[in-house]
Structures are given as structure tokens and as C-alpha cells.
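Good morning, colleagues. Please look at the model on the screen while I go through a few of its features.

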Amino acid sequence: MQEIKRVLDEFCKQLTPELKDMYVSKYKENKPFTEFYNVVAPTGYIMALNKELNQIVSQIERPQERLYA
């Protein structure tokens, strides 16, 4: 868990307060990223950040599911 927090904190350090607010709105209020394109940052930059974040998250090892009877 500590490793996950460290990796995500490293990602968050590169974000401006506006970009952090964008991610909060996206994941807490379910707003689409299209509302933020060219307002918070250029579209290409937001798409690159999302690609980087998705890559980070996909590398996180998840526990195997357990089946209970």
C-alpha cells in the first residue's frame, strides 16, 4: 500500500492545483474530461497525463479474488 501511495504521490506532484481539481471533479462528481479540455490545460496535455496515470495504475499488482462458499 505504501508503494502505491508513493507512486501516485509522485504523479500528483507534477500537477497544478487546477489539474488536481479536474481529477477530483472527474472521479468524485463524474464530470467528463471534455469539460476541461483547453480550459484547464491543452487537450493533448490532459490526454498525455491520463495515459501516464492509466499506465501507472495498470502496473499496480492487485490481490487475487477469493471465492467464498
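Predicted model: local features only at pLDDT ≥ 70, side-chain atom pairs only at ≥ 80, totals over all residues.

Q55 has a relative accessible area of 48% and is therefore partly exposed, a class that lies between buried, under 20% relative accessible area, and exposed, over 50%, with a 1.4 Å probe and protein chains only. Q55 belongs to helix 3; helices here are DSSP runs of H or I with at least four residues, numbered from the N terminus. Between the C-alpha atoms of Q55 and T34 there are 20 Å, and the two residues are 21 apart along the chain.

Residues are numbered from 1 along each chain as its sequence is written, and side-chain values use heavy atoms, with hydrogens and water left out.

I turn next to the packing of helices. Helix 3, residues 43–58, packs against helix 1 at an angle of about 170°, and their axes are 11 Å apart. The axes are lines fitted to C-alpha atoms over the stretch in contact, and the angles run from 0 to 180 degrees between N-to-C directions. Helix 1 and helix 3 are therefore roughly antiparallel to each other, the term for angles over 145 degrees. On the side of helix 1, the contact is made by V7, L8 and F11, and on the side of helix 3 by L49, E52, L53 and I56; contact means heavy atoms within 4.5 Å.

F11 also leads us to the aromatic rings. Which residues do ring pairs link into a cluster? They are F11, Y23, Y27 and F33. Rings of Phe, Tyr and Trp (its six-membered ring) pair if their centres lie within 6.5 Å; planes under 30 degrees apart count as stacked, over 60 as edge-to-face and the rest as tilted. The count by this rule is four aromatic pairs. One of them, F11 with Y23, is edge-to-face, at 6.2 Å centre to centre and 75° between the planes. Because F11 lies in helix 1 (residues 2–13) and Y23 in helix 2 (residues 17–29), this pair ties together parts that are twelve residues apart in sequence. Both F11 and Y23 are buried. The ring centres of Y23 and Y27 are 6.3 Å apart with planes at 5°, so this pair is stacked. Y27, at 54% relative accessibility, counts as exposed, whereas Y23, at 9%, counts as buried.

Note on methods. Helix = DSSP H or I, 4+ residues; strand = E, 2+ residues; numbered from the N terminus. Parallel < 35°, antiparallel > 145°, perpendicular 65-115°, else oblique.
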